Amino acid sequence: MGTIEFDTANQIISMQGLHSSYVIQLYSHTLPLHLYWGPHQKLADTRQFSPSAEPGYSIKVKDRDTSYFIEEFGCEYGFAENGDYRVPAFGVRDSRGYPVTGPFELDVNIYRGKHKIPGLPSARTGSDEDIQTLELRMVDHPSGLLTVLSYTMFPEHDAVTRNVIFHNRGNAALRLEKAASVSMDMPNRDYELLYLHGAWARERQIIRRTLQPGTFSFGSTRGISSHQFSPSFALLEAETSEFRGDAYGYGLIYSGNFLAEIELNYGGNLRVNMGLNPDTFEWELEPGGSFYTPEAVMVYADDGLNGMSRRFHRFFQERIVPSRFAEMERPVLFNSWEASYFDFDESTLKELADTAVDLGIELFVLDDGWFEGRDSDRTSLGDWQADRRKLPGGLKSFGESLQHRGLKFGLWIEPEMISYASKLYHKHPDWILAIPDRPAAEGRNQLVLDLSRPDVCDFIIDTVNGLLNSAPISYVKWDMNRSLTNAAARHLSASRQREIYHRYVLGLYRVLDEITRLHPDVLFEGCAGGGGRFDPGILYYMPQYWTSDNTDAVSRVRIQYGTSLFFPPISMGAHVSAVPNHQTGRTTSLEMRGQVAMSGNLGYELDLSRLSADELDSVRDQVRFYKQYRSLIQFGRFLRLVSPFDSTDAAWMFIHPEIDDILVFWFRLYGEANRPVSGPRLVRLRLAELDPFDYYRERERRIEYTGSELMNTGLILSPSRLDYDSRLIILERIR
Ligand code: GLA
């Protein structure tokens, strides 16, 4: 199947996905124009795309070409200083400080497969034969800058990945001031913007807003992708719902500072840029040097937000997550943090482990507090040796004691960090991120190691490798509990100071690449004060992520719902914790907490010794149930049904083409007496994506339905509580 075709006569390039097309026109052999992205289509003629009438008061760039009014065009990679006054995708200056503006000489290269991006995570092609890459190679002769816009079409996923490579082929250094990964101008169709915002313990809340003329932007300058905004968003039509309508999704495979810009200009063009955040970025490009931007992924769906999510979920599972974990069932885990915080010894841990085994739990994760002197968050980060007061036999003997019980051993570490009160700080005070002669700001009483330094990265690789070799560890929770500040790079020259944030991320990726290569079977779960760095870049190394420090069931429904727009449930760490909840003080039933947590990657994080016999029985049942349905939940299709951002209820379901059972989860977060909307007592929950002619039986009530009935009338539920109510309905397809 030819996925990318170049019609040289008309200078049109079409990239075809199963249900989508992406079309570029090369204008005047110098400017790549964005013609189209959307439902699959074939062009017969292209004359209609030639601009003819000159708009008033516009700048002509090429004197003799009166049709060249750049601001009126939809561009593929917008640049400034040439009559295009929209937010540019990139900015480069030559050694004299003059902007590099083109005109470019444009060349096309199409090849099968896809190149890796050095030093950065990027989508994997596996053995897929249908994957092709388009390169638009743009040469600026005066400066010697070669800019390569690279596009790979993944036809089965209706996904296009993009990145940009800057090569300095000239004789003098160039300075990159902005380098977006994706930029395109879409003809506006009254699109709405959907994006995710949040905070610690309130990650990925959905916002949907109309677009007005002007530029709207969001991003991160914290050194991590952040709790506040996610590097992913979607453009939607006003009528796009969970099940219907066009959705154009964008994601950046990057874990540091990013910026997304959406500009609606006077001419009805919508410019979309996403990439490195230029507020904290510059790069000196030596003669002969190359710079690679992170990769962005874009998916088009004609079947609403659920259609977009399905494509992102599959893409991340099949093309981003390490392939050995893509189809590996994830263990049910116990995590010691909210069970004992810093206050434990080997005997309390072993008691917890005994109970965990009895409950059917498979992996025991020893969280913070296990290393030398770590009795509070004020000390010891950097000193990664077991505290013999707490673990007299060290990690090896503790890990083996878990193995004897039939449990796997997981360990928490926070290798990017350092405490003032640590041996490491006394040995290497210059390893912290700090501006010379100024105090370094602490966050959670800790400092950040400067991962832009190769020697710091080597230390982390050696330390983590040593730990993993020293004990039978099969899982690592890799934490990162503060944002970056004082980002000066003492080992770099003045002209390179603004490179540090990106160099930090490159250092982190080198570390993760090396460690996961040395220990391919260890399962990594990412964490940054909960979900502060939950992004596709991290998933490339760590196939699951601690979604939020907030484990309250009500809060979690919203957090997991928002997260699921882009990320699959298997990637979302979700734990049952104690009540009153430690973050919100709210009390919800064990049943509801279990149902929320088993909608993701299930774990338990509470003091098991405080559970009553009845509660232990319930947990045992939950774990058994989850294991029975694990492949449906972890590898099935997740469909959002009712949004907690539009109502006080929420619902979702899991289906799988090869599994007869369907799981439906419904939650009532807050109630209203005599609610006028759904009637005083009853809820009608309409399901989706069933075969209308199939028959289904509800396991508990033994009621039978047709697929069409479930999708139209819906399931009729009668809530029993005003607040914090929940239902888990199992439907069996009748063969
Ligand atoms: C962060 C994590 C928690 C826990 C603590 C330990 O807050 O998000 O899950 O690991 O650190 O200090």
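This is a predicted model: local features need pLDDT of at least 70, side-chain atom pairs count only at pLDDT 80 or more; totals for chains, interfaces and linings use all residues.
Is cysteine 527 buried or exposed? Cysteine 527 counts as buried because its relative accessibility is 1%, which falls under the 20% cut-off.

**Ligand site**
- The side chain of arginine 444 places an N or O atom 2.9 Å from an oxygen atom of the ligand.
- Tryptophan 412 has a polar side-chain atom 3.0 Å from a ligand oxygen atom.
- For asparagine 481, the distance from a polar side-chain atom to an oxygen atom of the ligand is 3.1 Å.
- On its own the ligand has 300 Å² of accessible area, and the protein covers 96% of this.

**Nonpolar cores**
- The largest nonpolar core contains 207 residues, and the members that touch the most others are Phe166, Tyr250, Trp370 and Trp478.
- Helix α8, which spans residues 500-518, supplies the largest share of this core, with nine residues.
- A separate, second core has 20 residues, among them Val683, Leu710, Leu717 and Leu731.
- In soluble globular proteins, nonpolar side chains tend to be buried together.

**Helix α10**
- Helix α10 runs over residues 553-563 and is mostly covered, with ten of its eleven residues buried.

**Helix α11 and glutamine 595**
- Glutamine 595 belongs to helix α11, which covers residues 590-597.
- With a relative accessible area of 7%, glutamine 595 is classed as buried, because that value is under 20%.
- The side chain of glutamine 595 forms a polar contact of 2.7 Å with the side chain of serine 726.

**Cysteines**
- Cysteine 457 counts as buried because its relative accessibility is 2%.
- Cysteine 527 is likewise buried, at 1% relative accessibility.
- A disulfide is a covalent bond between the sulfur atoms of two cysteines.
- With a cut-off of 2.5 Å between cysteine sulfur atoms, the number of disulfides in the model is zero.

Methods:
Residues are numbered from 1 along each chain as its sequence is written. Side-chain values use heavy atoms; hydrogens and water are left out. A polar contact is a pair of N or O atoms within 3.5 Å; within protein, one must be able to donate a hydrogen and the other to accept it, and residues adjacent in sequence count only if both atoms are side-chain atoms. Accessible areas come from the Shrake-Rupley method with a 1.4 Å probe; for residues, only the protein chains shown count as cover. Buried means under 20% relative accessible area, exposed over 50%, partly exposed in between (1.4 Å probe, protein chains only). Helices (H or I, at least four residues) and strands (E, at least two) are DSSP runs, numbered from the N terminus. A nonpolar core is a set of buried Ala, Val, Leu, Ile, Met, Phe, Trp, Tyr and Cys residues joined through side-chain atoms within 4.5 Å.
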